[in-house]
Each structure stands twice: as structure tokens, then as C-alpha cells.
Amino acid sequence: MRPIKIGKKAVSEMIAYVLLIVIAMSLSILVYAWLKGYIFKPEKICPDGVSLTIENIVCDTTTNPKTITLILRNNGLFDIEGFTARVKEDATKPAGYYLKLNDDRAINFDIQLEPNKNSQITFNYPKKIIAGTETPLTQIQKIEIQPIVIDEKSTILCENTYSQSVSNC
């Protein structure tokens, strides 16, 4: 007669459960580490002390096309690489038209605008498209600018927007 082996099957089931738990925990740690690299990247924010303001606005409606000249001042503590500018025909509406140079919405200074320095840039009036036809804006009531800085080789569009009402454009 064969001797009866009591509990041998139970031991192999326990080893299977332990292995199952170890494999499941290992996989969950690997998935967490992989997702952490994709999801939890720190948001790039503009440093405190970045400030770009409009010193003066000159509108020339006698030329064809009409032009608008902005004199900007860096009132902040850091160099500013560029900015975006948006103009509005109706100051109460949130939408506007971007001022562009070379079909690019972001305007870069030739050299960085240092703190307490001014820069002058001239634009043609932006055009709006109505029913497939491009027409220049008839008036400008408000101008908004947002500074752009470069930090560790990445471009950051700052959230602090400066806006100014315009009366003679």
C-alpha cells in the first residue's frame, strides 16, 4: 500500500497564491512607474516677476495698409524673449485677432528685452475673414499682450496678460 501524503496539495496551492500576489504587485509597481512618467510631468509656469506693459500705441490710419505701432516696456526682473498680441474691435467680447509678423502668432524680439528696456514693433492691421473675404479691421478698441520666456530650452507663454484700451485707432 502507498503511504498517504497529507497536505502536500495544500502547500502547492499556497505557493501558487504567493506567486500570484507577488506577480500582481510587481506588475502594479511597473505600471505605476510607467504612468508616473507620462502623467505627473511638472507644469511649466512663468516665473514671478515677468511683466510686459504697453508704454505707447501709435495708430497710422493714413497709410495703406493701416499700421499699429506698439512701444513695449519690460517692467519685470527677467529677460523676455517675445510676446503675443491680440487686438479687439469690440472690447466687451472675449475673442480677438492676433497681430502677426511672418504669419507667426508669437512675436520674438531681435534680442531679448532686458528689464527696464523698451522695444518698438510695427504691425499691419490684422484682417478678419467674413464669408470667405478678407477685410482689414475698421477699428481697434483693446490690445492684449502676453510675454513669452524661454526656460531650460522650453518656451513658456506666461499667463499674466496685460491689456490696454485704445481710443484713437
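Analyst: We start with a rule: a disulfide is a pair of cysteine sulfur atoms within 2.5 Å. The model here is predicted, so local features need pLDDT of at least 70, side-chain atom pairs count only at pLDDT 80 or more, and totals for chains, interfaces and linings use all residues. Residues are numbered from 1 along each chain as its sequence is written, and side-chain values use heavy atoms, with hydrogens and water left out.

User: Which cysteines form a disulfide?
Analyst: A disulfide is a covalent bond between the sulfur atoms of two cysteines. By the distance rule, the count is one disulfide. Its sulfur atoms lie 1.8 Å apart, and the partners are Cys 46 and Cys 158.

User: How many residues apart in sequence are the parts that Cys 46 and Cys 158 tie together?
Analyst: Helices (H or I, at least four residues) and strands (E, at least two) are DSSP runs, numbered from the N terminus. Cys 46 sits in the loop between α1 and β1 (52-60). Cys 158 sits in the loop between β10 (154-157) and β11 (162-165), so the tied parts are separated in sequence by 112 residues.

User: Is Cys 158 buried or exposed?
Analyst: Buried means under 20% relative accessible area, exposed over 50%, and partly exposed in between (1.4 Å probe, protein chains only). Cys 46 has 17%, so Cys 46 is buried. Cys 158 has 0% relative accessibility, so Cys 158 counts as buried.

User: How many residues apart are Arg 86 and Glu 144?
Analyst: Their side chains meet in a salt bridge at 2.4 Å, N to O. The pair links distant parts of the chain: Arg 86 is in strand β3 (residues 80-88) and Glu 144 in strand β9 (residues 142-151), a separation of 58 residues.

User: What kind of aromatic pair do Phe 83 and Phe 123 make?
Analyst: Rings of Phe, Tyr and Trp (its six-membered ring) pair if their centres lie within 6.5 Å; planes under 30 degrees apart count as stacked, over 60 as edge-to-face and the rest as tilted. The search of the whole structure finds one aromatic pair. The ring centres of Phe 83 and Phe 123 are 6.5 Å apart and the planes are at 85°, so the pair is edge-to-face.

User: In which strand is Phe 123?
Analyst: Phe 83 is buried at 0% relative accessible area, and Phe 123 is buried at 1%. The two lie 40 residues apart, with Phe 83 in strand β3 and Phe 123 in strand β6 (residues 118-124).

User: Which residues does Ser 119 touch?
Analyst: Contact means heavy atoms within 4.5 Å. Ser 119 lies in strand β6 and counts as buried at 17% relative accessibility. Not counting residues up to four places away in sequence, Ser 119 touches Leu 70, Ile 71, Leu 72, Phe 109 and Leu 113.

User: Which residues does a cis peptide bond join?
Analyst: Most residues other than glycine have a negative phi, and most peptide bonds are trans. Pro 65 lies in the loop between β1 and β2 (67-74). With omega about 5°, the cis bond joins Asn 64 and Pro 65.

User: What is phi of Asn 116 near?
Analyst: Asn 116 is in the loop between β5 (107-113) and β6. Its phi is positive, in a residue other than glycine, and is near 65°.

User: What share of the residues in the protein chain is buried?
Analyst: The protein chain has 169 residues. Its buried residues make up 28%.

Terms used
Salt bridge = Lys/Arg side-chain N within 4 Å of Asp/Glu carboxyl O.
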